[in-house]
Amino acid sequence: MFGPTKVEDEMALNRQKTVRFYDERAKPTIPTHQKQAGFAASKLGVAGSGKNKIFVAGDELWYKKILDPSSDFILKWNRIFLFSCFVALFIDPLYFYVPKIVYGTPNSCVGTDRHLAIIVTFFRSIADLLYFIHIIIKFRTAYVNPSSTLRVFGRGDLVTDPKEIAWQYLRSDFIVDVVAALPLPQILVWFVIPAIKYSTAEHNNHILVLIVLAQYFPRLYLIFPLTYEIVKTTGVVAKTAWEGAAYNLLLYMIASHVLGALWYLLSVDRQTACWKNSCKNETSCNIKFLDCDVIPNQNWANTTAVFNNCDATNDSISFDYGMFQPALFNQAPSQAFLMKYLYSLWWGLQNLSCYGQTLSVSTYIGETLYCIFLAVLGLVLFAHLIGNVQTYLQSITVRVEEWRLKQRDTEEWMRHRQLPHELQERVRRFIQYKWLATRGVNEESILQALPADLRRDIKRHLCLGLVRRVPFFSQMDNQLLDAICERLVSSLCTEGTYIVREGDPVTEMLFIIRGKLESSTTNGGRTGFFNSTTLKPGDFCGEELLGWALVPKPTVNLPSSTRTVKALIEVEAFALQAEDLKFVASQFRRLHSKRLQHTFRYYSHHWRTWASCFIQVAWRRYKRRRMAMYLSMRESFSSMRSDGSNGEDDHAPKQNLALKIMGGSRKGPQNLKELPKLKKPDEPDFSADE
């Protein structure tokens, strides 16, 4: 048993996303039935959750450790090996292009393209090496015990005993993996065929076809359990719809590639079969003369009719080439590799798509069976391809179709309710803008399905920068800002939409992401008063709600808006509802701070309007007093220079005028008809300080 310190160290590894191993030397003594299961968290000191289950790590070498089948390493290796399997399926049929025909005068022969054979052998050997690595990894990978009674998150116990793992693998897929990994074509091409003394090109081609196809089916079979493992771990093979469509199209192209390569090899075989039949009718002909490695008799080469009797370009010959006529007519076996490969690939793709309907088949049994197989395979693969590709492509356009159906239902509803044309245009504009902004995805439903911690991190990433741009919130700590960000919801507004009207209850605070809003007030509808400002990204509106939420015991009635807010263009913003803001204010006492009072006053548009009006009243009062003082001084100066009798008569009206101006200035802004008095805004209660 491990001590508490060791257990805590092992449990701390659960936060890492590394490859998980099981150490054989460090495993403790446990009961036999638990040892077979290979997993007992309480006994081993093992911690794990999700797809990364932690095994006890020790100081053993890497090749003695057991891999977790649900770890990231195994998932990445399965994807890499799946790609290598497709590459191997592409490489194997290239051996069919190794045989070639040399058309010459006066004689022709069948040979081997050694340059192509070397290249194909090199890449085939690399693919075989990956198959052997996959076998080694499967010997060191734990498996889920199907008969276990302990269930952990819907899965059985993991068996981590190396002997149990090896025995399970030997009983299941080991034979198939070994057959798929053996380098049989390399051995056949480079060792077996050259060692046969009395072999013909026809026999060599038959052996090559049998060996490659016999190993091709196990390699094709390995794709399906490998795909199943990836789907079981991640849910899907292809992460996007286009990848899924390309995956199914790749299977179709590989089938066309195999059929085209096999058609090319059978074309060479039919050509050599015709030469062999004609050679039997000549006494001086030897089958070895048809091999390019053997120098034929020149007398026979000048007098033989074998090549003329088997010339595919001559319509008068008696030998029927059937579906191989196009390849031999164009002398494709003598062309360069790229030319004959693309020609064969086109033939396979064309006939696989039309189920072999354009083929002209002879009575040769092998050719007839090949055409039957091609027609059936083409029908199955084409139906599979069309069905899967259509499914993947429909998943791309499903959102668009849902939006179109919703738009059609909205149009029918508006016509049924006989809405005015202006309202219909506003509804269409909002639906269009919402589609462009969200693409039909309901963000709130996605976030609500996530865990609270992950949802909090996403909200912080999306909203924290915007909330910090609000000066009132920039001075708060991260814990309070996280609580605010967690309750923000997205909001969209089209041009001309009224967010709130003056006098209506304020239900939310709005933080602008992009767009422009017009915020205006008439001070309750007073004549001659109008104040307007433009809100840009980073600004906010609905500050009356903040003052309502900061009251220790706020009333049930929501505050009335002192401004009218209208969208000038399309606006995207985050909204904080009244109940959410009230909850944040009640839970976090740090929001009640005298330090925030001046910040709130400075950035509140309501307070700014009141302050500007207050300054204007004070300034005009000051101007009137200065004017009265100036007139009084002027009257006093003029009276000293005037005559005694006349001065007394003129001085009285001017003095009365100065007193009238001063008296009017003392009465304050009530007499200023052009500037009515603006009520001082309600200030939040910042007295609940800690």
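Two rings of Phe, Tyr or Trp (for Trp, the six-membered ring) make a pair if their centres lie within 6.5 Å; planes under 30 degrees apart count as stacked, over 60 as edge-to-face and the rest as tilted. Everything here comes from a predicted model, where local features need pLDDT of at least 70, side-chain atom pairs count only at pLDDT 80 or more, and totals for chains, interfaces and linings use all residues. Residues are numbered from 1 along each chain as its sequence is written, and side-chain values use heavy atoms, with hydrogens and water left out.

View 1. Ring pairs tie F90, Y97, Y264, F337 and Y341 together into a cluster. Searching the whole structure turns up 20 aromatic pairs. One of them joins W619 and Y622: the ring centres are 5.7 Å apart and the planes sit at 35 degrees, so this pair is tilted. Both residues belong to helix 24 (residues 605–641), where being 3 residues apart puts about one helical turn between them. Helices here are DSSP runs of H or I with at least four residues, strands are runs of E with at least two, and both are numbered from the N terminus. Is W619 buried or exposed? W619 counts as exposed, with 51% relative accessibility, while Y622 is partly exposed at 40%. (Buried means under 20% relative accessible area, exposed over 50% and partly exposed in between, using a 1.4 Å probe and protein chains only.)

**View 2. Arginines over tyrosine rings.** A charge sits over a ring if NZ of Lys or CZ of Arg is within 6 Å of the ring centre and within 35 degrees of the ring normal. R270 lies over the face of Y364, 4.2 Å from the ring centre. Over the ring of Y498 you'll find the charged end of R501, at 3.9 Å from the centre.

View 3. (Axes are lines fitted to C-alpha atoms, for helices over the stretch in contact, and angles run from 0 to 180 degrees between N-to-C directions.) Two strands pair if DSSP finds at least two bridges between them; strand 10 and strand 15 (residues 564–567) have 2 bridges. Look for V500, which stands opposite V565 in strand 15.

**View 4. Strand 16 and its partners.** Strand 16 (residues 571–577) has 6 of its 7 residues buried, so the rest of the structure largely encloses it. Strand 9 (residues 489–493) pairs with strand 16 in the antiparallel sense over 5 bridges, and V489 stands opposite A575. Strand 11 (residues 508–514) also runs antiparallel to strand 16, joined by 6 bridges. There, E508 has Q577 as its bridge partner.

View 5. Q271 is buried at 1% relative accessible area, and S278 is buried at 13%. What does Q271 touch? Leaving out residues up to four places away in sequence, Q271 touches I101, Y103, C310, Y321 and L328. With that exclusion, S278 touches V306, N309 and C310. (Contact means heavy atoms within 4.5 Å.)
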